[in-house]
Every structure is written in C-alpha cells, then in structure tokens.
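The exercises below are meant to be worked through with the sequence and the model side by side.

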Amino acid sequence: GYVKRWWKEAVVYQVYPRSFYDSNGDGIGDLRGIIEKLDHIKGLGVDVIWLSPHFDSPNADNGYDIREYRKVGAEFGTMQDFDDLLTAIKAAGMRLIIDLVVNHTSDEHEWFVESRSSYNNPKRDYYIWSEHKPNDWPSIFGGPAWTQSPGGDWYLHLFDPKQPDLNWDNPEVRVEVYDIMRFWLDKGVDGFRMDVIPFISKDKTFPNLPEDLRAKPQYLYTTGPHVHDYLHEMNTEVLQQYDVMTVGEAFGVTLQDTPKFVDERRQELDMVFQFAAVEVDRGPDGRWKPWTLPQLKAVFTRQDKALDHHGWPTMFLSNHDNPRIVSRYGDDRPEWREKSAMLLATLILTMKGTPFIYQGDELGLTNRTFTHIDQFNDLWTKNAWQDEVENGPCSEADFFANQNKVSRDHARMPMPWTAQGGFTTGQAWFALNPNFTEINAESSQTIYRFYADLIALRHAEPALVYGDYSDLAPAHPHLFTYTRTLGDTTFLICLNFSVEITAFESGVESEPVLSNYASPFGPMRGWEARIYKV
Ligand code: ISL
Ligand code: CA
C-alpha cells in the first residue's frame, strides 16, 4: 500500500492572484483581495492553496517572468501583505504553496542585466550564451529559442525572449535557487508548484530538434542530462529539511519517464502534473481537435499503470493555461452547465491522485467567445496571431475558431463575484466574461456546495484517497464507470458524459451517497453523476 502523507490526502485550490479579487480598486487582483475572499476558499473545505506567481515581474507572461524573487509584485501588494495572507491561511487551517519559476527569469532580472553586459561579467555564466546560433530549437511560444543580444551573442529562451533560461550547470545558480527556496520556506510556506521544472538541464551539445518533435519540442527539453541530479540535489539540500509538498509541471514528460521524477526512493519531487488529459483535444500540431470519452478514460488508466505504490499521482483538468472545464469536457449550454459542472467536480474529486481545482471551476465558469485579437491578453495567443494569420496561411475565422477552444485567456478572466461583476470597483485589468450577469458566485451556489460536499466525502473516506482505481467500461461512449477500492470498501462512480438518457445497472442495493440529481435511480439522465458505496 501507500505510505500516508498529508499532501496525498489534501485537496488543492489554485489562485491566479491577478484575477481573483481586487481590494483597492486599481483593477488588479491582489493579496489583500485573497485575504478578503478567504472564506470562499475555506468554505470549500480545501486544504492547500497554490498561489500563481506573486513576485515582482514586468509581466510579459503574467508573472512567469520574475524580476526579483524576494519581492512581492507592487500590483499585488507588499511583503507585509504576503505575511498577513500566510498567517490568515494558517489561521483558517489551510496551507500555502507558491510557484517556483526557476527554469528562467525575466530579462529584467539583475542577473540577466549583468550577464548580458559583458563577456567577463561574473554573472555571464548564469545564462546560456553562444557566439553563433547553435541549433534550430523553437520556443514553446513560437519563433526560435535563441535571440541575439545587442552584444552579438545569442541566448537561450525556451519560452519568450523576455524569459532567458538559467544555466543550471553553474553551481552558483543552483545555490541562488536554493537560497530563494529557503527564503520562502523559512517564512512558513508549505511547498512549491515548480514551473516547467523538467526543462532545467540542457544538452549542451545542442543537437537539432528531431523532425517528429517539431510541434512538441517539450519532449526533447525534458530530457537534459542532469535533470534528475539537480532535482535530487535540491531535495537533499533544501526540501528534506522541511515538511512540505512539491508538484512539478511535467510538461513534455513521457509516461515512461514519470516515475523517475516522483518515485519516493529517488528523493526528487512528491508529485507531477501529467498532461495527457488536458491534451486529449489537441492534434499533433497543437491545435484543437475533437475528442471522445474512451480516449479520455484511456488516459487515466494509462497514467495509473505508469506509477506503482512508490509514486503518487495528481488529478487536474484545468489551470491558468487551459480553457474552462465546463466548456471543454462538459456542456456549457444553460440547461446543462450546472449538471455538467457537478459531474466534472465528481470526476476530479473521486479520481486517484491529489486533486487540483482551478479558481472559478467551483462556480462552473465557462469560456467566452473572442472575436477580435485585441480582446486577448496572452502573449502565446498574440504570437500565434502573428505566426498563423499575419505571416501564415490561417484565416481569421480559423484562428478564432481554434483560440475559442484553446486560449489560456478563458481561465484568466477576473472572477465574477456578483451579477454586477464584483471583482473591482475600478476598471478591470482584463475584461470579465460578458456572461458575468448570469454566471457568478452568487448564482452558482449549487455547484459550489456540491464541490464542498465532494471534498467532505473525500476527506471522510480513505478509499477515495488511497483506493485502487479500475475503469469498468473503457469503451462505453457516454458512461464513465469506475471503482475505487481499499480493503473491503469500494466506491462505484458512474458519470454520464452526455445529454442522452442511458441505461445503467449499478448492481448496488443502496442509494448513491452523492449525486447531482434528486431521485438518483434507474437510467442515467443527462450529465448525471452518482457515487455509490458498495
Ligand atoms: O500554456 C501552454 C499552452 O497551452 C503550455 O504550453 C505551457 O507553456 C506549458 O505548460 C508551461 O507552462 C508554464 O510555464 C510557462 C507559463 O507561460 C505558463 O503559464 C506556466 O504554467 C512559462 O513560464
Ligand atoms: Ca488591486
């Protein structure tokens, strides 16, 4: 069986601070705003808050480009506000993990400013420089991963040119990172979500990208020669001295390589986010494609089989990089939004693996329809516009059709707290979803309370945490039926991923312990979800 750990039993809620709640009317969500809305999070019964970057940043990539690691972004508040937030979270009986973004920094970080200033600057070797452009690696955000600095040399950035990659082969860089980690851990944070952490080690022979990885270079970028040495070193140097949790973003890690990051005997990371479920609707070119329920079910079985009892999984269907789950895996038409949001909650909170809920999913928030490039904020979408429409063959109609499915901005619109919006008394930094008058925290209490009920159930039932997973009908086109079994306790979960009334025999005498319909008997109705205790 599994070794018991608090983070295996925890439910995590992700806050994207810019869009959570604005406490001072400048239009930008902030740390005081999180304190003011802490009851909303606490009311769900979650255990851990993951805070997306709250550091000083020029915000080329909304904070995933850090200028100063020990400073709170001025738009979010002060270090005092951070300390107060941490105190409030602990007082509410929860924990806080923060985002560790150390594959790259901002190009405005003083290390990079110094590094690029001259060949013999002591910080030169903090980044990855070359006299000639060494290879054809692309940036994840489009365009080449090498940019020539005014001095003539080229530097590596696997993301935006404003996000130069750190040189982890330089031991001074690793010492700096470990110091930053200790700084926040010593304040009392309970761990880290680690941004693209498998990218940190680079193959310095710089081979060209194999042809078959053109559209997914991340599968090369995670295979650097020392990634596991560095993670093990980070674990023994820093993490082991604290009772904390770590979750790495395993973007581009194969199923086969996953255990190397999370096998507890290797002492690297506690968990990683695996991407297959959020890539189920993406084609080989990264654009949207239709998906089927059997494909999604197969992902969970594959992932389950990839780890043994020495590695612990995560469960997530959304975050700040993904569209809204109701629009993507559910049905966001008014008559089905609530039911399908509750069904997806059931999936997330009864699956094996520590569940991560993204802000607003507990309200059943939906995607919006973007019709003009100026309506977007995300640099990834803006780059795609240039590459695909302005300099490429894509029609505007095709571009919007795709982005309305995949854009990261669907998740980044400010939280609608009331029918008036309620996010800010000023001008929001980014427009709310125009449907806020209908879909907001006040109008979505049924979904919110269902999340709370599911979380309470998970906390009360070890089988929902540690139980084995088995898919009972992998090929069924509408029904997702699976069990979670621990000792002599079995839960049977049945989810109807469609509006079709579908025959179903539970074989269980008793009523479901939880369902999103009254009278949960007989065939499964549209988007019906039932949890039986066998
Ligand atoms: O968001 C994506 C496209 O849907 C992914 O390719 C994303 O770039 C990848 O998951 C890495 O994401 C992380 O690092 C990025 C940052 O933009 C993302 O917000 C972050 O989650 C660079 O720091
Ligand atoms: Ca503010």
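**Exercise 1.** Sort the residues of the shell around ligand 1 by class, and find which of them are closest.

Solution. Begin with the classes: the shell around ligand 1 has 7 nonpolar, 1 polar and 5 charged residues, where Ala, Val, Leu, Ile, Met, Phe, Trp, Tyr, Cys and Pro count as nonpolar, Asp, Glu, Lys and Arg as charged, and the others, Gly among them, as polar. Next, take the list itself, in which 13 residues surround the ligand and the closest are Asp-61, Tyr-64, Phe-159, Phe-251 and Asp-321; a residue is near a molecule if its C-beta atom, placed from the backbone, lies within 6 Å of it.

A word on conventions belongs here: this is a predicted model, in which local features need pLDDT of at least 70 and side-chain atom pairs count only at pLDDT 80 or more, while totals for chains, interfaces and linings use all residues. Residues are numbered from 1 along each chain as its sequence is written, and chains are lettered from A and ligands numbered from 1 in the order in which they are written.

**Exercise 2.** Describe the overall dimensions of the protein and decide how its radius of gyration stands against that of a compact globule.

Solution. First, the C-alpha atoms fill a box of roughly 75 × 50 × 50 Å along the principal axes. Second, a compact globule of 534 residues would have a radius of gyration near 24 Å, and the 23 Å of the protein agrees with this; the radius is taken over C-alpha atoms, and the globule rule is 2.2 Å times the number of residues to the power 0.38. Third, buried residues make up 47% of the 534, a residue being buried if 20 or more other C-beta atoms lie within 10 Å of its own, exposed if 12 or fewer, and partly exposed in between, with C-beta atoms placed from the backbone. Finally, of the contacts with a separation of 6 or more, 66% join residues 24 or more positions apart, two residues being in contact if their C-beta atoms lie within 7 Å.

**Exercise 3.** Trace the open sheet of 8 strands and explain why strand β13 is largely enclosed by the rest of the structure.

Solution. The secondary structure comes to 16 helices and 18 strands, which are DSSP runs numbered from the N terminus (helices H or I, at least four residues; strands E, at least two). The sheet has the order β11-β10-β9-β5-β2-β1-β13-β12, with parallel pairing, and two strands pair if DSSP finds at least two bridges between them. Its edge strands are β11 (271–273) and β12 (314–315), each of which pairs on one side only. At one end, β10 (residues 245–249) runs parallel to β11 and is joined to it by 3 bridges, with Val-247 having Met-271 as its bridge partner.

Now turn to β13, which is joined to β1 (residues 12–15) by 3 bridges, Gln-14 standing opposite Tyr-358, and which pairs with β12 over 2 bridges, Met-315 standing opposite Pro-355. Strand β13 (residues 354–358) is largely enclosed because 5 of its 5 residues are buried. In a regular strand the side chains alternate between the two faces of the sheet. Both faces of β13 are covered, with Thr-354, Phe-356 and Tyr-358 buried on one side and Pro-355 and Ile-357 buried on the other.

**Exercise 4.** Find the edge strands of the open sheet of 5 strands, and say what their position leaves on one side of each.

Solution. The order is β14-β15-β16-β18-β17, with antiparallel pairing. The edges are β14 (468–471) and β17, each with a single partner strand, so one side of each has no neighbour in the sheet. Further in, β16 (residues 489–496) pairs with β18 over 5 antiparallel bridges, and Ile-493 has Ile-531 of β18 as its bridge partner.

**Exercise 5.** Locate Phe-206 and Ser-519, and determine whether each is exposed or partly exposed.

Solution. Most residues other than glycine have a negative phi. Phe-206, however, has a positive phi near 45°; this residue lies in the loop between β9 (191–194) and α7 (218–221) and is partly exposed because 15 other C-beta atoms lie within 10 Å. Ser-519 likewise has a positive phi of about 45°, lies in the loop between β17 (514–515) and β18 (529–533), and counts as exposed because it has 8 C-beta neighbours inside 10 Å.
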